[in-house]
Amino acid sequence: MSWFKRLKEGIQTATKNKKETPDGLWHKCTRCNMLTTVKDLREHLYICPKCDYHTRISSADYFDILFDGKYTRLFDEIVSVDMLDLKMSSHMKTDLLAI
Ligand SMILES: [Zn+2]
């Protein structure tokens with residue numbers, strides 16, 4: 001049963017000496033659990049290289065793909081108006097105004 005014992009000394013690394021992996025460096029595919037770096041996932045346009053799963057991305061990431069990061073947002077101050085005067089609770093209105 002020698003394969004259960006560590007034969008060579010010095011292989012174990014103390015916890016204080018282990019390097020932490022930075023957050024956001026790796027991505028795990030939702031469908032096939034394959035690990036890829038976020039950089040590789042971006043290069044594949046957020047599609048898993050193993051199973052072709054399309055990872056959900058933000059609108060900013062989608063705009064970067066569409067326009068190669070060269071776009072300008074216009075009319076940021078525009079706010080939707082309740083043209084139908086829908087009945088809603090007061091906390092919903094405050095939530096809408098907060099957006
Ligand atoms: Zn996958």
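User: Why is Asp40 called exposed?

Analyst: Happy to walk through it. In this predicted model, Asp40 has 12 C-beta neighbours inside 10 Å. A residue is exposed if 12 or fewer other C-beta atoms lie within 10 Å of its own, so Asp40 counts as exposed.

User: Where is Asp40 placed, and how far is Asp40 from His27?

Analyst: Asp40 belongs to helix α1. Along the sequence, Asp40 and His27 are 13 residues apart, and their C-alpha atoms are 9.3 Å apart in space.

User: What makes Asn33 stand out, and where is Asn33 found?

Analyst: Asn33 is not a glycine, yet its phi is positive, about 65 degrees. Most residues other than glycine have a negative phi. Asn33 is found in the loop between β1 (26-28) and β2 (35-37).

User: How do you know whether Asn33 is buried or exposed?

Analyst: By counting its neighbours. Asn33 has 10 C-beta neighbours inside 10 Å. The cut-off for exposed is 12 or fewer, so Asn33 counts as exposed.

User: What is the phi of Leu45, and which loop holds Leu45?

Analyst: Leu45 has a positive phi, near 55 degrees, and is a residue other than glycine. Leu45 lies in the loop between α1 (38-43) and α2.

User: Why is Leu45 called exposed?

Analyst: There are 12 other C-beta atoms within 10 Å of Leu45. Exposed means 12 or fewer, so Leu45 is exposed.

User: What makes you say that helix α2 is hardly covered?

Analyst: Helix α2 spans residues 59-67, and the count of buried residues among its 9 residues is 0. A residue needs 20 or more other C-beta atoms within 10 Å to be buried. Just after α2 comes Asp68, with a positive phi of about 55 degrees.

User: How many residues of the protein chain count as buried, as a percentage?

Analyst: Of its 99 residues, 1% count as buried. As for contacts in the protein chain with a separation of 6 or more, 3% of them are accounted for by residues 24 or more positions apart.

User: Which elements does the protein chain have, and in what order do they run?

Analyst: The secondary structure comes to 3 helices and 2 strands. From the N terminus on, the order is β-β-α-α-α.

Technical notes. Residues numbered from 1 in each chain as written. Predicted model: local features only at pLDDT ≥ 70, side-chain atom pairs only at ≥ 80, totals over all residues. Helix = DSSP H or I, 4+ residues; strand = E, 2+ residues; numbered from the N terminus. Contact = placed C-beta atoms within 7 Å.
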